[in-house]
Amino acid sequence: MIPAALFLLLAQQADAPASASAPAKSDPVSQYLTDLEQSGVLAAPAAAPSLPQLKETLHAAEDDLVTGNPEAATTRLFRVVESPRWSSFSYAPEYEAAEFTIGRALARSGAYDSAKRYLLRVLGHGAKHPYFTAAYRMIVDVALETREQATCLALLEGIKLEDPLPRDSENERAYLRGKVAYEKGDLPGAAAAFGEVDRQSRFHASALYFRGLIAARQQRFAMARRNLCEIVEQADKDRFSFFIDGRYYAIKDLAYLALGRIAHEQGKYDDAYYFYFRVPEDSERLPDALFEAAWSMFQKGEYEAAGAFIEEFDRLFPKSPLGPDVMLLHAMIDLKSCQFEKVRTTLDQLVKTYVPIEAEVAALIKDPSRRAVLYRRLLSRSEIGHPTDRIVELLKIDSRFYRYFSYLVALDREVGQLPENVAVWDEMTAKSTGGSKGADATEAVRLVQEIRELQPMAAGDPEMENRVGLLLHDARRAARPVSTRGGPFADEATQALVLGGDAQRLRARLVAATTAIAEAALVDLDNRLRHMLVQARLTHIDAVIGKKKKLEIEIANLREGRYPAEMFAQLQLEGLMGDDEEYWPFEGEHWSDEYDNYK
Amino acid sequence: MKHLTLILASLLIAAAPAHARPKKKPRSTPSSSSSSPLWAPPSTPPAPTAESPSPATADSVTPPTPPPGAAAETEVAKPAPAPPPRALAPKSRAATLAANEGAANDAKDSTAAAANPDLERLRADYDRLRDELFRARSRAQIVEEGLWTSRLSATFRWKGGPSYLVHHASVRLDGADIWDSGDKPVTDDLVTVAERPVKPGAHALTLRIDIRPGKKSKDSDKLGYVSEHTFAIIVPDGKRTRVAIKGDEDGDAPEYEPEIEVELETLK
């Protein structure tokens, strides 16, 4: 029997159960390996399988995995966990470790469905087996990464176990249940599930955070505060209060921010100040904390404190998307401090800076060809040597944009390896049919080379990249030697090429999705800037009215013989000074330039 | 009374020489006893602990959202207060809170943002296709083991740290990625590209490194370079070939002196 055809048949059969709740009963790779060995393509190892050999293979695969070579680990372990020669060792913990490691390697490579198949095999051994807990965690990680939380929860809940679930796995399941309920909008159910996550769980802090969010959404602010405070500060000061890992500190920053927002919402501005103040300087939440702290202080009437936060913001984040909001708040603080000239200066600056940007954004929205340029700049934001773009800096881009862009990159990487795969199958065919006749497709090969030269020119323009990719895909199909288009391994090569075509089509959809996200951000920026400029005009009017009123009061006071406080003090002191003395005006107690390190 | 005021003022002026500019206060950590709450956090954290008042009573209070500048002073002797600013109505932060709901760092972005079914379907299609691509590649790699007896492995060590750091690195063989640092930082540890079967003959091995200055400075995020080197190598039939690449950087940003060294070793 032709091995490749058999494999294809088996693979097609196995694809359906892979996505269903039950793991596949037949292992296509197992049959495939056996066929390859029987047909002599793969040489069967001379030595009989042994436990030391298994340990050695496992060790090498783990090395591959930690050095960033998950594909090498996968290839190595496939020949263990899928070969009937090794099935007699299925009792050994090392064999189970091999199953778990291949699951990890597959998940690391982005082959989540295949990873789940092996992880479920590990779980199928029973809850008392050594890799059960780790495999359970891995499936939860896959669920969170792929966002297929409901599917993975159903998979986990479908496992029939004789022994009770370990405590750690119960925590994992409770957290996953909480997430599924939360996304369905079942807030009480989610709160109850998150409440089951105990202090030993790696998700304890995350579960507390979600409980805080749920309470806040239900307007139960004290409850929300209590949950969030438990993340940031333990009442018993116990160093071993609950399990934390690298994720904890990001959650802690979020918790402080959430506490600040709740306090602000309740009108407790001092509390809000305290919580915002606790967001550390190296946190990525610091811009939000500073801006919102300034707002809280402004609301409380502490204009100097609000100004200090704003100045700190300006110093640390001059290119923040919150730039126009900060400038406007600056003007409002000056307005409340009766510094009307400063208000005018700030607002003039705001209008001068953002009116051209708003016009540019509006033009971009109307012109799709110009949007492509912006899209390119957006993607190259983190690259060296690209000029800064004010519009790109101001955009509040949804994190999904970068997530989907990372899919594009991963897909391109996978597609880049397809020619090599096709070459392998063509080589196999050529071997079995007595050599390839490459001259049949010389023109097409030259075309492939020419299209490949186009690729660097298309780089950065996703749509052009797509067109070049599709052209290259077609040229590669045409360039395959005619002699390898039939034969025992031709179907494998054809399937690889079909996958390449599928990848190109998916790529086009990903480009469309990322473009839509970028466009939504552009429209949002346009709305924000328009709103901001309207608010700036209103504040300007307020400043003019305020200045007029101030002058009116001063004139009225002067008419009645009352000097303004600053003039009175100055005149009084100048009257007491000698000719050789100089008046030095009162500078107050607030040496704001001295307090730049107030944190 | 007028005389007394004058005497006091004279005394004050006499105590401080008029020509001497007052010395500024030394830079110090502000104390909590300061009259202004500006420079220090409240001395006692206001965060309620588990022993806080019962949530039932506290939760029943509807949070106020006062307008900005609601309390305008009206004293006559003082300069006129600014009219309450009409701009920027305070945002309800409960809504803002919800924007972070997925940020408990278990997933990559907010759950609220992920509600778009088209995008979710796209994500599922992507996962499925990537799985299929990976399986196709694994099958080819398994066959490669039996097809070719020549083996190729590579190592890379960066010696330019800590002055220059590798932001991202990747290794390609004949244009196809065989190793990528991904999001992980590349340290001065030896990077190993696993041994793989390759067709004997000429190949192109490409190293791409993105280098950034290690020292944080004002412009450090704008400095650095991307360097891509492609080396033509010949893999002998039936032998193991090991390519050792070393990278170094002796320049002082923004001046660069990149140096790449390649050694080829053929083993039986």
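Student: Which residue just after α9(A) takes a positive phi?

Tutor: Gly185(A) does, with a phi of about 90°. Please note that this is a predicted model, in which local features need pLDDT of at least 70, side-chain atom pairs count only at pLDDT 80 or more, and totals for chains, interfaces and linings use all residues. Residues are numbered from 1 along each chain as its sequence is written, chains are lettered from A and ligands numbered from 1 in the order in which they are written, and side-chain values use heavy atoms, with hydrogens and water left out.

Student: How do you know that the span of α9(A) agrees with its number of residues?

Tutor: Helix α9 covers residues 167-184 of chain A, 18 residues in total. The expected span is 1.5 Å times one less than the number of residues. That gives 26 Å, and the end C-alpha atoms are 26 Å apart, so the two agree.

Student: What covers the buried residues of α9(A)?

Tutor: The cover includes α7, α8, α10 and α11 of chain A. Among the buried residues of α9(A) are Asp168(A), Tyr175(A) and Leu176(A).

Student: Why is Asn227(A) called buried?

Tutor: Buried means under 20% relative accessible area, exposed over 50%, and partly exposed in between, with a 1.4 Å probe and protein chains only. Asn227(A) has 7%, and is therefore buried. This residue lies in helix α12 of chain A. Leaving aside neighbours within four places in sequence, Asn227(A) is in contact (heavy atoms within 4.5 Å) with Leu208(A), Arg211(A) and Gly212(A).

Student: Is Ile251(A) buried or exposed?

Tutor: Ile251(A) has 2% relative accessibility, so it counts as buried. Its place is in helix α13 of chain A.

Student: What makes α17(A) and α18(A) roughly antiparallel?

Tutor: Their axes come within 8 Å and cross at roughly 165°. Angles under 35 degrees count as roughly parallel, over 145 as roughly antiparallel, 65 to 115 as roughly perpendicular and the rest as oblique. The pair α17(A) and α18(A) is therefore roughly antiparallel. Residues making the contact include Met327(A) and Leu328(A) of α17(A), and Val343(A) and Leu347(A) of α18(A).

Student: Why are α16(A) and α17(A) described in the same way as roughly antiparallel?

Tutor: These helices pack at an angle of about 155°, with their axes 10 Å apart. By the cut-off already given, α16(A) and α17(A) are therefore roughly antiparallel to each other. Among the residues that meet are Ile310(A) and Phe313(A) in α16(A), and Leu329(A) and Ile333(A) in α17(A).

Definitions and conventions:
Axes are lines fitted to C-alpha atoms, for helices over the stretch in contact, and angles run from 0 to 180 degrees between N-to-C directions. Helices (H or I, at least four residues) and strands (E, at least two) are DSSP runs, numbered from the N terminus.
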